[in-house]
Amino acid sequence: MIPSKKSEEIELAMREIFGVDRRLMIQANVCTSCGCDVIKKGFTDSLSIKEYSISGFCQTCQNIVFDE
């Protein structure tokens with residue numbers, strides 16, 4: 001997938017928080033939080049796919065963070 005554009009400051013902050021490069025993880029279809037393969041897990045809707053391009057969170061991690 002294609003990661004959303006963010007400033008370098010935001011990219012650095014996210015790298016420090018998660019310990020991974022958000023852009024590389026999204027391009028590799030890997031969750032920035034749990035490390036799962038997001039293609040195998042899938043997403044429930046187009047909004048979740050869009051959120052993945054922003055945060056890099058798989059559906060499960062999105063559900064936990066956003067308390068669905």
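User: What is a nonpolar core, and which residues make the largest one here?

Analyst: A nonpolar core is a set of buried Ala, Val, Leu, Ile, Met, Phe, Trp, Tyr and Cys residues joined through side-chain atoms within 4.5 Å, where buried means under 20% relative accessible area, exposed over 50% and partly exposed in between (1.4 Å probe, protein chains only). In soluble globular proteins, nonpolar side chains tend to be buried together. The largest nonpolar core here has eight residues, namely Ile26, Cys31, Cys36, Val38, Tyr52, Phe57, Cys58 and Cys61. This is a predicted model, in which local features need pLDDT of at least 70 and side-chain atom pairs count only at pLDDT 80 or more, while totals for chains, interfaces and linings use all residues. Residues are numbered from 1 along each chain as its sequence is written, and side-chain values use heavy atoms, with hydrogens and water left out.

User: Leaving aside its neighbours within four places in sequence, which residues is Val38 in contact with?

Analyst: Contact means heavy atoms within 4.5 Å, and by that rule Val38, its neighbours within four places in sequence left aside, touches Asn29, Val30, Cys31, Phe43, Tyr52 and Cys58.

User: How many disulfides does the structure hold?

Analyst: A disulfide is a pair of cysteine sulfur atoms within 2.5 Å, and the structure holds zero of them. Cys31 is in no disulfide, as the nearest cysteine sulfur, that of Cys61, is 3.7 Å away. For Cys61, the closest cysteine sulfur is in Cys58, at 3.7 Å, which is too far for a bond.

User: Are Cys31 and Cys61 buried or exposed?

Analyst: Cys31 is buried, with a relative accessible area of 1%, and Cys61 is buried as well, at 9%.
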